[in-house]
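Visitor: Hi, I'm new to this one. Can you walk me through a few spots in it?
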Amino acid sequence: MTLLQADPAVIAEGVNLMWVLVVTFLIFFMHAGFAMLEAGQVRSKNVANQLTKNLLTWSVGVTFFFLVGAGVNALVGGLTGPGSTGVASAFSVLAPGAANAWVGWLFGAVFAMTAATIVSGAVAGRMKLRAYVAYTVLLAGVIYPVVTGLTWAGGFLGAMGFHDFAGGVIVHAMGGVAGLTAAYMVGPRVDRFNDDGSVNVIPGHSLTFAALGTLILAFGWYGFNVGTAATVFSVSDGTLQLGAFATVGRVAVTTTLGMAAGAIGAAAATLYKTGKVDTLYVANGLLAGLVSVTAITDAIVWPGAVAVGLLAGIQLPIVFAFVEKRLKIDDVCAVFPVHGSAGVLGALAFPFVATEFWGGGGVGYLVSTFTTQLVGVVVILAWTVVATGVVFGVIKAMGEIRVSREHEIEGLDISEHGVNTYPEFGKPDTVTDGGFTEENGIVRADGGEEPNDGGIKLVTAFIRPDKLSDVKEGLAEIGAPSLSVTNVSGRGSQPAKKGQWRGEEYTVDLHQKVKIECVVADIPAEDVAVAIRDAARTGEPGDGKVFVLPVEDAYQIRTGEQGTVAV
């Protein structure tokens with residue numbers, strides 16, 4: 001049988017299912033973007049914790065969305081809408097032979113997990129992992145499915161005409177408001193706010209990660225929006241025809257314009273506010289622009305996409321400052337201004353930029369559509385705030401919402417996971433050179449002479465962290481690889497610098513250094529000091545200093561030996 005003889009309905013179904021799977025995989029890749037974006041905006045001591053949350057959001061969340069959430073979605077849609085459904089039919093996605101329905105379930109699942117992972121960025125750096133995972137279970141199983149049941153699954157909001165094409169409110173504003181509520185419930189990070197209410201800036205550790213995550217998310221967003229728009233083929237009068245590609249072109253253009261306008265709006269707002277273009281705000285603005293058009297991208301005029309995107313970018317620093325300075329809520333990754341307020345803005349702006357309004361819809365259309373959009377936004381956000389508040393309220397009452405102050409200061413990577421994301425002192429390995437073997441068979445790495453007037457000396461150096469490897473190699477070359485290394489902060493002749501994080505300026509007067517300590521007896525302290533000096537030098541202010549101090553005595557704990565032999 002040739003292609004022309006094949007059943008057009010079979011071809012259309014096969015191609016359309018494959019399209020849905022492809023865009024589903026594209027949306028799944030957005031989790032890599034969220035992981036990089038959030039990891040870049042937290043401190044280095046909390047990176048592994050943030051990455052773990054992203055991994056578990058998908059793993060735990062998608063499991064409970066499959067077991068419970070999809071059925072709750074269908075059940076709520078049937079109970080609150082004009083249709084009807086029973087428990088058995090609502091959970092029929094689990095039935096054997098429902099392969100096509102399973103594809104639709106997976107497409108819905110990646111949307112659900114996007115909403116879930118947004119929350120993790122708001123509570124970074126202080127929430128217990130078990131508390132976050134418990135909330136993820138309930139969000140994926142109940143909280144988010146209730147929202148989709150009221151809308152996309154045929155519930156009363158969907159029946160009254162609430163317009164949310166790809167989840168600007170249902171996914172993003174819902175996730176942003178949930179994150180804001182969670183951040184309020186868990187409280188701010190240690191030292192985020194002073195007793196007088198003033199704000200301390202706590203910069204993230206990597207703008208590179210944040211920018212990379214932003215671009216990965218923007219790439220995946222085409223699956224989010226364009227993927228939702230496209231039906232590749234349809235069948236009419238027994239013939240194969242193109243599907244919804246008239247809509248696809250509009251969605252692709254308005255998504256792109258909204259994205260670009262969001263970045264431009266945020267750049268302009270920060271330039272006006274501080275005289276500088278804030279890199280992180282530009283990245284966040286790009287995402288806010290995408291969020292703002294996601295609910296409406298299928299039915300707006302292209303100038304409307306530009307206008308809404310610009311407003312979403314401009315509101316970003318304003319809303320973030322309000323949340324931070326007025327509400328005193330520590331939203332680490334700015335999830336509310338990026339996802340929450342931007343999503344609401346787009347949904348409420350819909351009637352003013354809709355193709356139907358500009359095509360002659362008139363004031364009647366404007367009023368009725370705005371009313372519908374407002375009701376939808378209020379219902380969805382009210383449910384999200386109440387449900388999230390109850391869940392975290394219970395967890396907080398149990399004393400399980402937050403890590404201890406000591407663990408927070410130490411960092412969640414160590415306290416929650418027992419790992420160090422950046423083990424600077426673990427590599428490169430340095431081979432011990434220049435040693436000798438004593439009569440008792442003990443290998444000594446520091447030579448066997450009697451310098452330092454037969455005494456013991458301590459060589460202490462403060463160097464740039466990036467020069468540690470060179471110093472280790474330099475010490476090995478003179479036969480003195482034994483050393484202790486500590487991360488420290490301090491100041492000397494290196495001038496203080498001004499930093500900026502989301503438009504807020506802060507002073508960097510304590511610079512990151514590495515402290516090296518070498519206790520030597522059988523190697524000249526001068527040789528050690530010179531080796532460190534030569535290996536650590538860059539010629540720029542801030543290279544550090546080396547000090548040589550006498551040591552009165554030394555004791556070997558294992559053997560009890562005293563004096564130079566103990567070294």
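Visitor: Let's start with Arg 130: is Arg 130 buried or exposed?

Guide: Arg 130 counts as exposed, at 54% relative accessibility. The cut-offs are under 20% relative accessible area for buried and over 50% for exposed, with partly exposed in between (1.4 Å probe, protein chains only). Before we go on, this is a predicted model: local features need pLDDT of at least 70, side-chain atom pairs count only at pLDDT 80 or more, and totals for chains, interfaces and linings use all residues. Residues are numbered from 1 along each chain as its sequence is written, and side-chain values use heavy atoms, with hydrogens and water left out.

Visitor: Okay. Which side chain does Arg 130 meet in a salt bridge?

Guide: That of Glu 400, at 2.8 Å from N to O. Arg 130 is in helix α6 and Glu 400 in the loop between α14 and α15, so the pair ties together parts that are 270 residues apart in sequence. A salt bridge here is a side-chain nitrogen of Lys or Arg within 4 Å of a carboxyl oxygen of Asp or Glu. Helices are DSSP runs of H or I with at least four residues, strands are runs of E with at least two, and both are numbered from the N terminus.

Visitor: What else does Glu 400 form a salt bridge with?

Guide: Lys 128, where the closest N and O atoms are 3.3 Å apart. Lys 128 lies in the loop between α5 (99-122) and α6 (129-150), so this pair ties together parts 272 residues apart in sequence. Lys 128 counts as buried at 14% relative accessibility, while Glu 400 is partly exposed at 25%.

Visitor: How many salt bridges are there in the whole structure?

Guide: Twelve. Arg 189, Arg 192, Glu 324, Lys 325 and Asp 330 are linked in a network of them. Another pairs Lys 515 with Glu 517, with the closest N and O atoms 3.7 Å apart.

Visitor: New topic: where does α12 bend?

Guide: At Leu 316, by about 35 degrees, and a proline, Pro 317, follows within four residues. The bend is the angle between axes fitted to the seven residues ending there and the seven starting there. α12 has 25 residues and reaches 35 Å from its first C-alpha to its last, close to the 36 Å expected at 1.5 Å a residue. That expected span is 1.5 Å times one less than the number of residues.

Visitor: Is Ala 334 buried or exposed?

Guide: Buried, with a relative accessible area of 1%. A cavity is a set of points on a 1 Å grid over the protein atoms alone where a 1.4 Å probe fits but cannot get out, and lining residues have an atom within 4 Å of a point.

Visitor: How much space lies in the second largest cavity, and which helix gives the largest share of the lining?

Guide: About 70 Å³ of space lies there, and α2 gives the largest share of the lining, four residues.

Conventions:
1 Å grid on protein atoms, 1.4 Å probe; cavity = no way out; pocket = protein on both sides within 12 Å on 5 of 7 lines; lining within 4 Å. Points joined across faces, edges and corners; volume = space filled by probe spheres on them.
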